[in-house]
Amino acid sequence: MTKEEIIKPENLVYKKPTLMNDNAMHYCPGCSHGVVHKLIAEVIEEMGMEDKTVGISPVGCAVFAYNYLDIDWQEAAHGRAPAVATAVKRLWPDRLVFTYQGDGDLACIGTAETIHALNRGENITIIFINNAIYGMTGGQMAPTTLVGMKSSTCPYGRDVELHGYPLKMTEIAAQLEGTAYVTRQSVQSVPAIRKAKKAIRKAFENSMSGKGSNLVEIVSTCSSGWKMTPEKSNKWMEEHMFPFYPLGDLKDKE
């Protein structure tokens, strides 16, 4: 096969999403963030919303998300992304508005903002990256850290009597009247990536159709924080996180 034949559209197998910039990502090798960024870029492009999307970036590992996706962004104070997204969507109802948040940003300092925005039924989507640890600041225990899981602030493992139980934000969201679609996915394999993309697309379409709030949790890895190779991180996630954070749709009003 010649070079000309290879680059024909009908022979194209994969290409970088047009909305992804050429900037080298700062994420650690094996991090799930890059994959999720790609999925969001693909969905926005396929929906034809390139010029009508506003992303709200968090405080945490994804604080520089605006460097990688060529859409409009607004930086939010720690945990306040859902409140900022509420304002943007109410001022610009025709915009596709989403937040991109980690477990510390969403489930700790931003717990109130998250729950109340979802409960009000704001027509936004919250992308929730759950790697059960504070990846950016040194691997501390997060609200989502599993019982017995070690971190820099619980070196002997999370102790229920001392630290309480892990917080299942997605289960909480599913019980709120304002939520339209609540799901938990992952991106550790090709089939999982396809399901995650489908979930993001559904959530974005719901928010544009005025059906209410949407939450897409992505159970993720943190190779650096977990002190594992990317391969071992994926295996550990499948063996330990999936039983506690089971994948699948938790709520779908349709």
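**Close-up views of a predicted model**

**View 1. Cysteines without a disulfide.** The model has zero disulfides, a disulfide being a pair of cysteine sulfur atoms within 2.5 Å. This is a predicted model: local features need pLDDT of at least 70, side-chain atom pairs count only at pLDDT 80 or more, and totals for chains, interfaces and linings use all residues. Residues are numbered from 1 along each chain as its sequence is written, and side-chain values use heavy atoms, leaving out hydrogens and water. The sulfur of Cys-31 lies 6.4 Å from its closest cysteine sulfur, in Cys-61, too far for a bond. Cys-222 is in no disulfide either; its nearest cysteine sulfur, that of Cys-61, is 6.1 Å away. Cys-31 is partly exposed at 23% relative accessible area, while Cys-222 is buried at 10% (buried: under 20% relative accessible area; exposed: over 50%; partly exposed: in between; 1.4 Å probe, protein chains only).

View 2. Helix 5 spans residues 111–120 (helices are DSSP runs of H or I, at least four residues; strands are runs of E, at least two; both numbered from the N terminus). Thr-114, Ala-117 and Leu-118 are buried here. Just after the helix, Gly-121 has a positive phi of about 75°.

**View 3. Strand 5 and its partners.** Eight of the eight residues in strand 5 (179–186) are buried. Strand 6 (213–219) runs parallel to strand 5, joined by seven bridges (pairing needs at least two DSSP bridges). Thr-179 partners Ser-213. Strand 7 (248–252) pairs with strand 5 in the antiparallel sense over four bridges. There, Val-182 stands opposite Lys-251.
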